[in-house]
Amino acid sequence: MEKLHIVLCGREGIPAAAVLACRLWPEHDTSELEQEFSELLESGRAAVFLAGDGDSWIGFAQCQLRSDYVEGTQTSPVGYLEGIYVEPEYRRRGIAARLLDACEAWAAEQGCTEFASDAEISNRVSRSFHKSMGFTEAAEIVHFAKKLPGFQSGSGDKDVIS
């Protein structure tokens, strides 16, 4: 690594963060994530950090404040790690730990006393990372959803009782 550095992302870093975020969340596109990151940063309730090696961006982390109930916590707001990604060739070098440290420091500066995150039950790599960073598992939850019979999205034909 040439010269690893972690920076708080401003407007100018949003495109780079969006490219990296698409590698973590491939179901999204960069323009969609650029818009989302812009809105989050403008809200003042979120931060995005970039990890660089020389002139190349090699990782990112997104965190924000959650004021709704967060599993396993007792305070509000809670700092929350929404996503973290490091390019494969740079993994296992402590970069994700440094990104997480930056997120936790940001949350503490916002007055948080707790920090939380989540991972898919099947994502053993993410769960292992979280445990190695001092997180404890608060719960294993499976969410369920189904379509309601007879409902057509946007039909506007349903009666509303008020």
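1. Salt bridges: in this predicted model, a search of the whole structure turns up six salt bridges.

2. Arg11 and Glu42 are joined through their side chains, with an N to O distance of 2.3 Å. The two residues come from distant parts of the chain, 31 residues apart: Arg11 is in the loop between strand 1 (4-8) and helix 1 (14-24), and Glu42 is in helix 2 (residues 30-43). Both Arg11 and Glu42 are exposed.

3. Glu87 and Arg23 form a salt bridge at 2.2 Å, N to O. Glu87 sits in the loop between strand 4 (78-86) and helix 3 (95-109), while Arg23 belongs to helix 1, so the contact ties together parts 64 residues apart in sequence. Glu87 counts as buried because its relative accessibility is 12%. Arg23, with a relative accessible area of 43%, is partly exposed.

4. Arg66 and Glu82 meet at 2.9 Å, again counted from N to O.

5. Arg127, Lys131, Glu137 and Glu140 belong to one network, joined by salt bridges that share partners.

6. Apart from the charged pairs, Ile121, Val142 and Phe144 make a nonpolar surface patch of about 350 Å². Val142 is located in the segment after helix 4 (124-132). Val142 has 54% relative accessibility and therefore counts as exposed, the cut-off being over 50%.

Notes: Residues numbered from 1 in each chain as written. Predicted model: local features only at pLDDT ≥ 70, side-chain atom pairs only at ≥ 80, totals over all residues. Heavy atoms only, no water. Patch = residues over 30% accessible without salt bridge, like charges linked within 9 Å, V, L, I, M, F, W, Y side chains within 5 Å. Areas by Shrake-Rupley, 256 points an atom, 1.4 Å probe, with all protein chains shown as cover. Salt bridge = Lys/Arg side-chain N within 4 Å of Asp/Glu carboxyl O. Helix = DSSP H or I, 4+ residues; strand = E, 2+ residues; numbered from the N terminus. Buried < 20%, exposed > 50% of the residue type's maximum accessible area, 1.4 Å probe, protein only.
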